[in-house]
Amino acid sequence: MTWLPTAGSIVHLRRAGVSVLVDARGPGQPVVLHWGTDLGELNQGELAALARGLVPAVPNAVTDDPLPRGLIPEGSLGYRGRPGLSGQRSGADFAPQLQLATIELEGGSADFLLTDETAGLAVRSCWRLADSGVLQVHQELTNIGAAAYQLAELAVILPVPAQAEEVMDFTGRWCRERAPQRRPFAFGSWTRENRRGRTGADSAFVMIAGSAGFANRHGQVWAVHLGWSGDQVTWAEAHPDGTRVLGAAELLTPGEIELAAGQSYRTPSVFAAHSAAGLDGVSDRFHAYLRARPSHPQSARPAVLNTWEAVYFDHDLARLTRLADQAAEMGIERFVLDDGWFGGRRDDTSSLGDWDVSPEVWPDGLEPLVSHVVGLGLQFGLWFEPEMINVDSELYRAHPDWVLGPPGRLPPSARHQQVLDVANPDAFDHLFGKIDGLVKKYRISFLKWDHNRDLINAVHDGRPGVHAQTLAVYRLIDELKKANDGLEIESCSSGGARVDLGILARTDRVWASDCNDALERQHIQRWTGLLLPPELIGAHVGPPTAHTTGRTQSLSFRAATALFGHFGVEWDISSASAAERDALTEVITLYRRLRPMLHSGTVVNVDHPDPAATVSGVVAPDRSTALFSYAQLTTGVTEGPVPMRFSGLDPDRSYRVTVLDPAGGTGRIQRREPAWISDGEVTLPGRVLHEVGLALPVLQPEQAVLVELTADPAPTTGATAS
Ligand code: DGJ
C-alpha cells in the first residue's frame, strides 16, 4: 500500500484493456483525465504531458481560469452541472471546496481523501479497477464540523468523451422489465429518478453512453449501474464547455440523512464498464466481475420447479407431492413452494407477516411435503415476502406501529399490503427469528424473497425511511445467510423489480419477470443479461398458454428461451400430456448437460440484420463448444431467414454444427429443410461461420432453433481474426 501525502502524482489504474487516469497532483480535487481504452505504460513525464495537453483554451464569457472538474464536481468552482455533493448546515456550507489530503494506492485501487476544513466536510472517494476492467466507485462523507450537516446528495460522476453521442437506458413495468430506450446525447440532462423505494421494473438499470450507432458487438460504450435497491437517480449530462458525464447516486428525500458531528454516510457502489466492442464487451466485463466474487454461486444451478403458476394459492399436500414426484422423474433438482403456505393466506388479501405454517392447510406442518421432496433427492425452497404486512394479519393486530409510514396514518395500500418497518429493531428480530426458525426446521436450502409493492411515504423514526429500510433489509439477508450456511436466496419483486448489484451482493439469482411468455422473455432476458450472467437469471418454462399474455407457444420455443438462464419449470406438469412430459425431460437432461458451459461461458448477441429475429448464444471460455439460438420473434419480410452468423468463436478452429431439438415440434413453414440440417451436421471454421453463417429453416413466428457447436481438437490453418 502506498500513502502519498498531499498527492503529487497522476494515478494510472490499468486492468483488462481499461485505463483510468486521475490527475492527483493537487492541491485541489483530483481530476479524471481518461476512463476508457488502455493507454499502455506511461511514465509520470508522459502523464504530465498528457495533462498539460488537455488544458483547454479560455473562451470569452466564462471564468478566467479553466474549470477544473474534480472527482466530486463543485459549484463553488463554477461547475454548472448536477454537483457531486449537495447539502447544507442550516443554510451554510452548501458549496464546499474540497482539497486533496492523501491518496492510498494498492493494486488496482486508489482511495482519495478530500477535505474542506472550513466547510467541515471530508470525503473518501474509493476507486477500484477490478481484474474484469469494471470500475467500482463508492464514497464516504464525514461531518468533521461541529454542527449537524444535512446531506442532499453524494454522487459518483464519471466523464465520458465527445465520441459518446447516444444515450441508452431502460424503463419497464410489471411483466415488461428492462425495456431499452435510446436517444441522442443532447445538451442538458437526461435524468432518471426513481422514488419507488425499491429498484423498480422501470429503473434506469444500466445507463450507457456510446459512439453513434453502437450495437451489440461494435462501437465504444461507457456504462454505469448503481448497486442500490432503494431510491436512486442516474443521469447523462452534456454542457456547452464540452463536458459529458454519467452520474449516479442514491436519491435522498429532504431530511433523510442528517450527519451529527463525526458521523458518516457511505454511498452505494457505482459499477462502470467501458467497452470498445459494443454492448457485449460491457456484459463480458460485468459477467467476469460477478463471476469472480467469492459469493458467486459455485454449485451447478439446480433445475427448479416453482409451484406458483402450477397451483397458485391452492395448496394441497396430495397434489403437491404428486407434482414433486413428477418433477423428480423429469430430472428437476429443486422444488420451491410459493406463496400461500402460512397464516390464513388463501389469496393475496391477508396474512403477510404471519410466518407460521397454516394449520388449516398444513395440519402436520410442512414436514410431510419437505420429507417427501428431500427424500426424492430434491432441494426444498420456500417463498417469503419478509418486508410486507397485511392489515388483515395477526402481526398487524399485535403491532400496528410496525408499519413503515407516518404515525397514525396508513400509506395507500398496494396488493392489499403495507410495508413493515424492518429498521425497527423489534420488527427485525421478529423476522429474523421466524425465517431462521423455519429454515432450520425444514432444511430449507432456498428462499424466494419477494417484495410486491413500492414504498410510499416511508417514515422511520420520524424521518424519511427508504435509506434505513434498504440497509436493514440488506442486514437481515446477510444475517440469515451467516446463520444458515449454504442458504441461497432469490431476489423477486413483482417479478423483476429488484434487479441490482446491491441486492445481488447477498442473493444468488433474480426472478427476471412474472412473464413466462417466451416471446416477452426473449427481450427481458436479453437485457437483464446486459448486466447479469445467465446463471443469475431465473428463467422458467411456463404453461403452453402464458398466464400473463394469453399467447400460446410451443414447448420447443419456451424451452429454448428458458435454457439460457437458471432453468426451471413453472407449469402444472400434472396437466401436461405424457408426450409433453417426455419432451420436458429431454430438455432438462440437455440443460443439465450444457449448464457447465452455459454458466461459465461468454454471452454473445450477434448483430443480426433482420429485426424479426435475434441470434444469441454462449461460447465456452476455451471456445471449444457453444450453444446458439435463432429466435424468430415475428414474421420476417424475406421469404426465408437470412443466414445465421456466429460470433465469438475461435476463427482458427473448425466446428461441427448440429441442430438440437430436445422438445421437438419446432414449427416450420417450408417445403424442404436447409441441406446441412437434412445432412444432420456441417463442419466449418469459426471464421467462416462468423463471416458467412448458415442457412436456416423457415420458422413460424415464436419459434427458435438451437444450434450446438463443437470444435475439432486441431486448429485449421490460414486464419484471420473474427
Ligand atoms: C409475485 C412474484 O413475482 C410471483 O412469482 C409470485 O411469487 C407471487 N408474487 C406470489 O404472491
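Start at the ligand and select glycine 495: one of its polar backbone atoms is 2.9 Å from an oxygen atom of the ligand. That's a polar contact, meaning a pair of N or O atoms within 3.5 Å. Overall, the protein covers 98% of the 290 Å² of accessible area that the ligand has on its own (areas by the Shrake-Rupley method with a 1.4 Å probe).

Before moving on, some ground rules. This is a predicted model, where local features need pLDDT of at least 70 and side-chain atom pairs count only at pLDDT 80 or more, while totals for chains, interfaces and linings use all residues. Numbering runs from 1 along each chain as its sequence is written, and side-chain values use heavy atoms, with hydrogens and water left out.

Lysine 448 puts a polar side-chain atom 2.7 Å from a ligand oxygen atom, and aspartate 514 has one 2.5 Å from an oxygen atom of the ligand.

Next, helices. Pick H7 (residues 425-441) and H8 (residues 466-483): they pack at about 30 degrees, with axes 10 Å apart. That makes H7 roughly parallel to H8 (under 35 degrees). Helices here are DSSP runs of at least four residues, and strands of at least two; axes are lines fitted to C-alpha atoms over the stretch in contact, with angles from 0 to 180 degrees between N-to-C directions.

Then jump to H9 (residues 518-528) and H10 (residues 555-562), which pack at about 15 degrees with axes 9 Å apart. H9 is therefore roughly parallel to H10.

Two backbone stops remain. In the loop between strands E3 (18-24) and E4 (31-37), find proline 27: the peptide bond from glycine 26 is cis, with omega near 0 degrees. Finish at tyrosine 312, between helices H3 (308-311) and H4 (317-330), where phi is positive, near 50 degrees.

Terms used:
Polar contact = N/O pair within 3.5 Å; in protein donor to acceptor, adjacent residues only side chain to side chain. Parallel < 35°, antiparallel > 145°, perpendicular 65-115°, else oblique.
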